[in-house]
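Thank you all for coming; I would like to walk you slowly through one structure. Please keep it in view while I talk.

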Amino acid sequence: GRLEAVTQQMGYHPQYLDSFLKTQHYLMHMDGPLPFDCRHYIAIMAAARHQCRYLVNLHVLQFLRAGGDPQWLRGLDFIPPKLRNLNEINKILAHRPWLINKEHIEKLLKISEWSWSLAELVHAVVLLAHCHALASFVFGCGCEQDEGPGGRGLLKPLSPGNQCFCEATAGNGCSQELLRINRKRSLDSCMELDSLRERMQRIHVETEGREEMRLLQQDREEGEGQEAEVGVQDGSSWLSHLADTDGEVTNATNLACYMQDPDFGYQDFARRDEDQTQVFRVQDYSWEDHGFSLVNRLYSDIGHLLDEKFRMVDGLQSSAMAKRQGCEPSVFKRGIWNYIHCMFGIRYDDYDYAEVNQLLERMLKVYIKTVTCYPEKTNSEMFDRFWKQFKHSEKVHVNLLILEARMQAELLYALQAITQYMI
């Protein structure tokens, strides 16, 4: 039930929730180029870029349930080089996707022991973009609850109840198949919890034992018994962070171990002259004409699921929200979408960007930019000052637009680079 807070928020728009859950399930649990444990580890890497403990903890648990090696949870230094090589495009896609080029793709695909296939790379790129954008939604809707020392615990999302939100909306857009899947997942979680606890305890004991034997040997050789005792504690401390007294995975305390170059972040995309190639022009490479066919060819059916999700968020009703801004719903939504893409250097030749300033008040723009570009900086004051005039469902709607616009922006840059490599 770790994803329940997200499904509760998305459940204000049940048709979108249906589409989102189908895509999420396909990415993580259905047949695809990548092994299941690697999928969850890639999700951990992506969520860590935005310090999103909610998603990291979720996928740490799922990674172990999928049979993943617990040693990998010690950080990037303990994973296979093939996965570690993904760190560079993870970093760039999360913060400055316009820097992705065919050289990054070529480096991952070059013939070597740790090379990626095109299909594997497309799967990985979709996962990265999905989790980066979902982190924005998590922070934007207040699903991220940081309750540690100095934590903000800032946003208090409305909760329709304790049950899975799919059950609460089963008759209103959430398919019976998804309802069955989520009920089965809840049952599986209960049945597997004891097994997971036993496994974590066994791993803890085995690791501690191996470390103790190594340090005892070191003690005999160097005569430094006191240092060996300290070493035993340090050697297994990472496991104690992953398991509480009941053995349940609850917190990956040091998210920095899942990323390199933590200071790399978003920078404003500088305005360029019309002839600068760095500006991404949708007329030259679009999702509808180029990205969809490429991703669907290399990772079967995911293109259809993503396209449905993009269209679903565009079709959500927002008459009340647009009325407050004094415009048509489609005009208001396009203003938000194009503003988000503009922050990532994506331009539409047929759009008058002067409309953005007319449609979006300053506090709305500040909120959208923060949630889109550095969601971990979202704070309660920003949330409260902007959202006073909106219903909760309208808040969620804007955050869904942010999620999908950001995901499509990252995909466009990555897929264009892959296309350039293939040419």
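What pLDDT does the protein chain average, and what share of the residues score at least 70? The average is 78, and 69% of the residues score at least 70, where pLDDT is the predictor's confidence in each residue, from 0 to 100. This is a predicted model, in which local features need pLDDT of at least 70 and side-chain atom pairs count only at pLDDT 80 or more, while totals for chains, interfaces and linings use all residues. Residues are numbered from 1 along each chain as its sequence is written, and side-chain values use heavy atoms, with hydrogens and water left out.

Over residues 146-176 the pLDDT stays under 50, and the model has 63 contacts there beyond four places in sequence, a contact meaning heavy atoms within 4.5 Å. Residues 178-194 also have pLDDT below 50, with 17 contacts beyond near neighbours in sequence. Where pLDDT is low, the predicted coordinates should not be read in detail.

Let me turn to helix H7, residues 102-109, whose buried residues are His-104, Ile-105, Leu-108 and Leu-109; buried means under 20% relative accessible area, exposed over 50%, and partly exposed in between, with a 1.4 Å probe and protein chains only. Helices are DSSP runs of H or I, at least four residues long, and strands are runs of E, at least two, numbered from the N terminus. Among the elements covering the buried residues of H7 are helix H6 (87-95), helix H8 (118-140) and helix H20 (392-422).

Finally, Gln-51, in the loop between helix H3 (36-48) and helix H4 (53-65), has a positive phi near 55 degrees without being a glycine, and Gln-51 is partly exposed at 46% relative accessibility.
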